[in-house]
Structure formats: structure tokens, C-alpha cells
Amino acid sequence: MSIHEHLPPQIRRELKQVGWTKAAELTKVARADGKDFECAAWMHKARSLPRDQFKREVDQHLTGKDSEPTEIVYFKFYKSQIPVIEQALETAALMLGTDKSRGYCLEMICADFLAGANLDNGDPEMLLFSITRFFKFLPEEQRQAFLGELSEKVS
């Protein structure tokens, strides 16, 4: 019902062509844009783009940020492993900010591991990648403090 309530009448007739998943995404844009909703342009995108790419377009339009494609990855754990994994994710969330996803927290745990592991075998590219990745997610104040530290060390 929400889909039909928020989309203009000219689009409603074409919804079966694009499918209900894309129609739900169109509704998000229509609600956000209100009277400025460009129904012809969005219907063209809905018809021509694959579902995941269309969803990314909608997300980018709504948030103003370009989103990365996602993939769901499954792991099988022994029950004895779960408390350690949960504690590591919770600790990472506390350090990174609780608004971060569990996937992001896992990525940072892995990046930290790789940075430490590569100190031993001397792969400077992996270390640089990890440091760059960490730096990108620092709040602006900490970025400036980090850059200040670096400039002091270089001088």
C-alpha cells in the first residue's frame, strides 16, 4: 500500500515491469524528494539497472554518499569460539564507535592483524594499506593529531 500511496499514478501502471523490490526503492526516493521527484528518470533507472545497482543508486541519492557493493559471507563456528569472536567485535565497536557495523569492526580487526603480522615478514605494501585504511576512518580531529605527530617525527 505504501508503494501506491507515494508513487505518482503514471508510475503505478509500470510497477510490474520493474518488480516490487525496485518499486519499494522508488518509494524511498519519492518520499524523500516529494514534489521534486523525477519519476521518468527514476523509472528509466529502475528498468535498466540490475536490482543491486539500482539499490546503490537509491542509497547514493538518499545519503549523498557512494556506497560499495556488498556481499554476505557466512562462517561456521564452534560454540566455544563464539564468545571470543563476540568479545572481539564488541571491543572493536567500543574503540571505533558503536554506530559501526559488525562487518566494519571485523574488517578493522583483520586489518590490525595483517598490520602486525606483516611487520615480521616485511611486506611494507600491506602495512601501508592497513595504516591508510585505519587513517581513513579516524574522525577529523584525530586525523589532524596524527598528521601533526608525523610532521614532528619527520622534522
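## Packing of H4 and H5

In this predicted model, the crossing formed by helices H4 and H5 is right-handed. The contact draws on Lys22, Leu26, Val29 and Asp33 from H4, while H5 supplies Trp42, Met43 and Ala46. By residue class, the contact of H4 with H5 divides into 5 nonpolar and 2 charged residues, with no polar ones.

Helix H4 covers residues 20-33 and helix H5 covers residues 39-48, and their axes, which come within 11 Å, cross at roughly 155 degrees. Because angles over 145 degrees count as roughly antiparallel, this crossing makes H4 roughly antiparallel to H5.

## Thr27 within H4

Helix H4 also holds Thr27, a residue that is buried, its relative accessible area being 1%. The side chain of Thr27 reaches the backbone oxygen of Ala23, with a distance of 2.9 Å.

Asp59 has its place in helix H6, which is made up of residues 51-63.

In sequence, Asp59 and Lys28 are 31 residues apart, and in space the separation between them, taken from C-alpha to C-alpha, is 9.3 Å.

Definitions and conventions
Residues numbered from 1 in each chain as written. Predicted model: local features only at pLDDT ≥ 70, side-chain atom pairs only at ≥ 80, totals over all residues. Heavy atoms only, no water. Axes fitted to C-alpha atoms, helices over the stretch in contact; angles between N-to-C directions. Helix = DSSP H or I, 4+ residues; strand = E, 2+ residues; numbered from the N terminus. Parallel < 35°, antiparallel > 145°, perpendicular 65-115°, else oblique. Left-handed = near helix turned anticlockwise from the far one by under 90°. Contact = heavy atoms within 4.5 Å. Nonpolar A, V, L, I, M, F, W, Y, C, P; charged D, E, K, R; others polar. Buried < 20%, exposed > 50% of the residue type's maximum accessible area, 1.4 Å probe, protein only. Polar contact = N/O pair within 3.5 Å; in protein donor to acceptor, adjacent residues only side chain to side chain.
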